[in-house]
Amino acid sequence: MIVRTLGEIIGTDRDVRAPNNNWVSRRLLLKEDNMGFSFHETIISAGTETYIWYKNHLEAVFCIEGTGEVETIDDGRVYPITPGTMYALDKNDQHYLRAFDDMRLMCVFNPALVGSEVHREDGSYPLPDK
Ligand code: 9YT
């Protein structure tokens, strides 16, 4: 069994900050943990907008704290995000993520992240063998 606390992760390689400081991601489970997905706590900073297009991954997100919105770029729909809201990017949806205040999100990625991923210019994370 794997048991980990955020306290054990913060300040290690599993505590990843976006280069633009829009978010920090505490990667509780990664590919090397062999669960078939990765599982992260992500804090999105208040007042930020992040362009995201996970072409190589599916992501589900559950909001625990804070408020914001997701705008899907193909259709311009805007989805309010508040505590208790889940969204799943089941179509690798290209979107903007906006935080009105600090948002605490729990995120699952399939396939699992390896650990160091931050968004590339196209909004995606690479696959490990690319
Ligand atoms: C919701 C979202 O995708 N935020 C960006 C960071 C990502 N959740 C991660 O790498 O943990």
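Analyst: Happy to. Let me begin with a term: a patch is made of residues with over 30% relative accessible area and no salt bridge, and nonpolar side chains are joined within 5 Å. Please keep in mind that this is a predicted model. Here Phe62, Ile64 and Met86 make a nonpolar surface patch of about 270 Å².

User: What makes the pair of Tyr51 and Tyr96 tilted?

Analyst: Let me start with the count: the structure holds four aromatic pairs. In the pair of Tyr51 and Tyr96, the rings are 5.9 Å apart centre to centre, with 55° between the planes. Ring centres must lie within 6.5 Å to pair, and planes under 30 degrees apart are stacked, over 60 edge-to-face and the rest tilted, so a pair with these values is tilted. This pair links distant parts of the chain, as Tyr51 is in strand 4 (residues 49–52) and Tyr96 in strand 9 (residues 95–99), 45 residues apart. Both count as partly exposed, Tyr51 at 27% relative accessibility and Tyr96 at 28%.

User: How do you know that the charged end of Lys55 sits over the ring of Trp53?

Analyst: For Lys, NZ has to be within 6 Å of the ring centre and within 35 degrees of the ring normal. The charged end of Lys55 is 4.4 Å from the centre of the Trp53 ring and is assigned as sitting over it.

User: Why is Asn34 called exposed?

Analyst: The cut-off for exposed is over 50%, and Asn34 reaches 67% relative accessibility, so it counts as exposed. Asn34 is placed in the loop between strand 2 (23–29) and strand 3 (38–44).

User: What makes the phi of Asn34 worth a look?

Analyst: Most residues other than glycine have a negative phi. Asn34 is not a glycine, yet its phi is positive, about 60°. Asn92 also has a positive phi, about 50°, without being a glycine, and lies in the loop between strand 8 and strand 9.

User: Which kind of peptide bond joins Asn110 and Pro111, cis or trans?

Analyst: Cis, with omega about 0°. Most peptide bonds are trans. Pro111 is placed in the segment after strand 10 (103–110).

Terms used: Residues are numbered from 1 along each chain as its sequence is written. This is a predicted model: local features need pLDDT of at least 70, side-chain atom pairs count only at pLDDT 80 or more; totals for chains, interfaces and linings use all residues. Side-chain values use heavy atoms; hydrogens and water are left out. Patches are made of residues with over 30% relative accessible area and no salt bridge: like charges are joined within 9 Å, nonpolar side chains (Val, Leu, Ile, Met, Phe, Trp, Tyr) within 5 Å. Accessible areas come from the Shrake-Rupley method with a 1.4 Å probe; for residues, only the protein chains shown count as cover. A salt bridge is a side-chain nitrogen of Lys or Arg within 4 Å of a carboxyl oxygen of Asp or Glu. Helices (H or I, at least four residues) and strands (E, at least two) are DSSP runs, numbered from the N terminus. Buried means under 20% relative accessible area, exposed over 50%, partly exposed in between (1.4 Å probe, protein chains only). Rings of Phe, Tyr and Trp (its six-membered ring) pair if their centres lie within 6.5 Å; planes under 30 degrees apart count as stacked, over 60 as edge-to-face and the rest as tilted.
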